Amino acid sequence: MKASVIGAGLAGCEAAYQLAKRGIEVDLYEMKPKRRSPAHNADTLAELVCSNSLRSDRLQNGAGLMKEEMRRLDSLIMSCADSCRVPAGGALAVDRDTFTRCVTDRIKSNPNINLICEEITELPKAPAIVATGPLTDGALYKAIEDFFGEGLHFYDAAAPIVRADSLDIDKVFRASRYERGSDYLNCPMTREEYFAFVHALVAAETAQLHAFETPKVFEGCMPVEIMAKRGDMTLAFGPLRPVGLSDPRLGERPFAVVQLRQDDAEGTLYNIVGFQTNLKFGEQRRVFGMIPGFQNAEFVRYGVMHRNTFLNSPGKLDPWYQVKAREGLYFAGQITGVEGYVESAASGMVAGIDLAHKLLGKPRVEFTARTALGALGHYVSGYAGKDFQPMNISFGIIEGLTNPPRNKQERYTRIAERSLEWIGKIAKDCE
């Protein structure tokens, strides 16, 4: 039995490893060193192009839980990361050169993996996994576009998403403009609160773009901090305009209003309308924390700004990242709409395990939305909103408890324990 994996980044290497360890012969295609994307510098595999951090290693953090799930399912990426870790407090950070050499050596020494340094310009025949990353371009990009019948999505900026239950509901009211329902959460601002917020926003520090990323942005997704620099009242006449809204507690229109729109089917997540941003994450916590009701807000996703290419995955992929319209063809990594190193590798793990089970005639592994691995696949395949955007793993998208404790850390601990118990059963079944 044989399968192809296109792209030897984090997702592709993990997928190839999961297939190979189950006895599947893998042709792993990587265009380096013949050609590199603008983001890559080394000829090794699984190159970390941005940070050397794989984020928190605590079980009470979504990324920490996902990493532990992957460890228990024998992840190549986690094995190499753990062996190359450097001091980073509660996070898992690695020596990036040692890490990428470790992954490369493990892939090259695996007798079931045939590494082919060749650029693929068309969709492979099934069974195959496409893991070519967010900078997929050229002929392969066109082939993917033609197959799905729509262009891949590009975005320059995305707004943060917060948990609804982390907001101070006493400072928030529910309403839509002109009394057209109550679909939005509204955070009213006084004149003083508004100007203090705008001045802090203008002075806040932004994240530095990579050299290959263009600073040009479309007006429809203009970062909120850039709008604020156009004049003190720009936001009051833009995304913070209070027209058509009345604060029921005061019986009058606020000076300005920050609106939040529901971002998931359950109503647990809300995105901040019009708040696309390139602020550093710490600055987002500080400045957006000035919004009434946001003093203890829990950010499920921070706003980001960069060039990205990803599938409009909901309805096109299933929770195992298989293409619904072509059995045996999978996508994995950031091209599916997952965001981050850990999430990319996790999608490769899920796709690799599922394809291996398919080829071996075994039943599918039911990760379920109660695990971090399963929740991410369910988000990517079943997002219910109108504007699908890449997502990091967080407890906000993992299925909650029936009777959750009020204490957040206790709640997350119980969710993690439930998840790892299920992952233990999967690991035993996969032996």
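**Ground rules**

I worked on a predicted model, where local features need pLDDT of at least 70 and side-chain atom pairs count only at pLDDT 80 or more, while totals for chains, interfaces and linings use all residues. Residues are numbered from 1 along each chain as its sequence is written, and side-chain values use heavy atoms, with hydrogens and water left out.

**Entry 1: H2 against H11**

I looked up helix H2 (residues 62–72) and helix H11 (residues 408–429). Helices here are DSSP runs of H or I with at least four residues, strands are runs of E with at least two, and both are numbered from the N terminus. The two axes lie 9 Å apart, at an angle of about 20°. I take axes as lines fitted to C-alpha atoms, for helices over the stretch in contact, with angles from 0 to 180 degrees between N-to-C directions. That angle makes H2 roughly parallel to H11. My classes are roughly parallel under 35 degrees, roughly antiparallel over 145, roughly perpendicular from 65 to 115, and oblique for the rest.

The crossing of H2 and H11 is right-handed. H2 makes the contact through Leu65, Glu68, Glu69 and Arg72, and H11 through Ala416, Ser419, Leu420, Ile423 and Ala427. Contact means heavy atoms within 4.5 Å. Sorted by class, the contact of H2 with H11 has five nonpolar, one polar and three charged residues. For the classes, Ala, Val, Leu, Ile, Met, Phe, Trp, Tyr, Cys and Pro are nonpolar, Asp, Glu, Lys and Arg are charged, and the others, Gly among them, are polar.

**Entry 2: H3 against H4**

Next I checked helix H3 (residues 76–83) and helix H4 (residues 96–108). Their axes are 9 Å apart and the angle is about 135°. H3 is therefore oblique to H4. I logged the crossing of H3 and H4 as right-handed. On H3 the contact uses Leu76, Ile77, Ser79, Cys80, Ala81 and Ser83; on H4 it uses Phe99, Cys102, Val103, Arg106 and Ile107. I sorted the residues of this H3 and H4 contact into eight nonpolar, two polar and one charged.

**Entry 3: salt bridges**

How many salt bridges does the structure hold? I have 22 salt bridges on record. The criterion is a side-chain nitrogen of Lys or Arg within 4 Å of a carboxyl oxygen of Asp or Glu.

Glu68 forms a salt bridge with Arg72, with the closest N and O atoms 2.9 Å apart. Glu68 and Arg72 are four residues apart in helix H2, so about one helical turn separates them. Glu68 counts as buried at 18% relative accessibility. Arg72 is partly exposed at 42%. Buried means under 20% relative accessible area, exposed over 50%, and partly exposed in between (1.4 Å probe, protein chains only).

Asp82 and Arg85 also meet in a salt bridge, at 3.4 Å from N to O. I find Asp82 partly exposed at 28%, and Arg85 partly exposed at 40%. I then traced a network of salt bridges that links Asp57, Glu68, Arg71, Arg72, Asp82 and Arg85.

In helix H5 (residues 138–148), Asp146 and Lys142 are four residues apart, or about one helical turn. They form a salt bridge with the closest N and O atoms at 3.0 Å. Asp146 is partly exposed at 49%, and Lys142 is partly exposed at 43%.

**Entry 4: Glu298**

Is Glu298 buried or exposed? Glu298 counts as buried, at 17% relative accessibility. I placed Glu298 in the loop between helix H8 (281–288) and strand S14 (299–301). Setting aside neighbours within four places in sequence, Glu298 touches Ile161, Val162, Arg163, Ser166, Lys408 and Tyr412.

**Entry 5: backbone details**

I found a cis peptide bond joining Ala126 and Pro127, with omega about 5°. Pro127 lies in the loop between strand S6 (113–117) and strand S7 (128–130).

Ala46 has a positive phi of about 50°, although it is not a glycine. Ala46 sits in the loop between strand S2 (25–30) and strand S3 (53–56), and it is buried at 1%. Asp74, also not a glycine, has a positive phi of about 60°. Asp74 is in the loop between H2 and H3, and it is partly exposed at 31%.

Note on methods: Left-handed = near helix turned anticlockwise from the far one by under 90°.
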